[in-house]
Amino acid sequence: MEYKERSYRSRFSNDGRRWFCVKFLESDLWIGVDNGSYRASMEQDIYTMLVDLRRGMDAYLLMDPAYKTALTPYEAGLEAPDILKEMSRVSHKTGIGPMSAVAGAVALKVADFIKGKFNVKEVIVENGGDIYAEALSDMDISVFAGGSPLSERVGLHIPASAFPLGICTSSGTVGPSLSLGRADAMMVVCRDVLLADSYATALANRIQTVNDLQPVTDRISNTPDILGALAVKDDRMAICGQFELRLFR
């Protein structure tokens with residue numbers, strides 16, 4: 001229940017940015033921009049853009065339903081929207097289906113629209129636990145891990161110098177997205193938010209028990225695209241990469 005209500009978003013609410021929600025179909029976006037850049041028209045303009053984006057994607061998926069259900073890399077057709085072609089691109093790197101990158105892809109498209117139309121200094125788009133962030137200050141990102149006692153108690157410290165980044169989380173025990181594993185949370189940080197989203201799913205698929213945490217983080221250490229990661233299963237966690245661990249009360 002807590003996941004559906006997205007109560008974890010309250011952690012973003014007191015950081016000096018202007019936050020608002022834009023929803024259409026399954027896309028439920030929590031968007032933050034610097035206070036000086038916020039405009040009253042922003043929310044409606046983003047909603048209109050999101051509707052156009054999703055309708056274009058859904059129209060193609062009706063013609064090519066195998067794209068939506070593929071669990072291995074799958075090439076989008078020439079007539080597919082660019083966003084679906086980009087999702088196909090990352091699927092060939094991560095080894096799983098292109099829909100594994102959909103939340104990150106939508107977050108990036110929305111962020112690019114906001115930057116192009118409103119000339120913001122900062123933009124953060126969170127889409128069901130997957131984040132695209134361009135921030136001017138350090139951020140501490142806690143990981144939501146469902147029933148684990150570590151949920152929202154651990155996370156990563158991201159220095160301002162590291163942005164822009166994709167910070168994405170997959171779970172086999174939380175939320176509606178397909179996962180073949182039983183990880184409570186697999187957080188992955190990459191320069192490319194689509195890669196972060198797809199890698200998070202691919203790596204979460206490999207975690208069934210706490211004994212899988214270390215082998216998965218060892219695998220991450222050999223993946224140059226991944227800058228940092230945090231895996232949680234039950235009361236255990238594993239961390240790797242360039243970002244510091246943070247503990248929350």
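This is a predicted model: local features need pLDDT of at least 70, side-chain atom pairs count only at pLDDT 80 or more; totals for chains, interfaces and linings use all residues.

Reader: How many bridges join strand E6 to E11, and which way do they run?
Author: Strand E6, residues 154-158, is joined to E11 by four bridges, and the two run antiparallel.

Reader: What sheet do they belong to?
Author: They belong to an open sheet of three strands, in the order E5-E6-E11, with antiparallel pairing.

Reader: Which are the edge strands there?
Author: The edge strands are E5 (139-142) and E11 (244-247), each of which pairs on one side only.

Reader: And by how much are neighbouring strands of this sheet turned against each other?
Author: On average the angle is 35 degrees, with direction ignored.

Reader: Changing topic: how many salt bridges does a search of the whole structure find?
Author: The search finds eleven salt bridges. One of them is formed by the side chains of Glu 26 and Arg 54, at 2.6 Å from N to O.

Reader: Where in the chain do Glu 26 and Arg 54 lie?
Author: The pair links distant parts of the chain, 28 residues apart. Glu 26 is in the loop between strand E1 (17-24) and strand E2 (27-34), whereas Arg 54 is in helix H2, residues 42-63.

Reader: Is Glu 26 buried or exposed?
Author: Glu 26 is exposed, because its relative accessible area is 59% and the cut-off for exposed is over 50%.

Reader: And Arg 54, is that buried or exposed?
Author: Arg 54 has a relative accessibility of 9%, so this residue counts as buried. The limit for buried is under 20%.

Reader: With which other residue does Arg 54 form a salt bridge?
Author: Arg 54 also forms one with Asp 58, where the closest N and O atoms are 3.6 Å apart. Both residues lie in helix H2, four residues apart, which is about one turn of the helix. Asp 58 counts as partly exposed, at 25% relative accessibility.

Reader: What are Glu 26, Arg 54 and Asp 58 linked in?
Author: Glu 26, Arg 54 and Asp 58 are linked in a network of salt bridges.

Reader: One more, please: how far apart are the closest N and O atoms of Lys 233 and Asp 234?
Author: In that salt bridge, the closest N and O atoms are 3.8 Å apart. Lys 233 is buried, with 9% relative accessible area, while Asp 234 is partly exposed at 38%.

Conventions: Residues are numbered from 1 along each chain as its sequence is written. Side-chain values use heavy atoms; hydrogens and water are left out. A salt bridge is a side-chain nitrogen of Lys or Arg within 4 Å of a carboxyl oxygen of Asp or Glu. Buried means under 20% relative accessible area, exposed over 50%, partly exposed in between (1.4 Å probe, protein chains only). Two strands pair if DSSP finds at least two bridges between them. Axes are lines fitted to C-alpha atoms, for helices over the stretch in contact, and angles run from 0 to 180 degrees between N-to-C directions.
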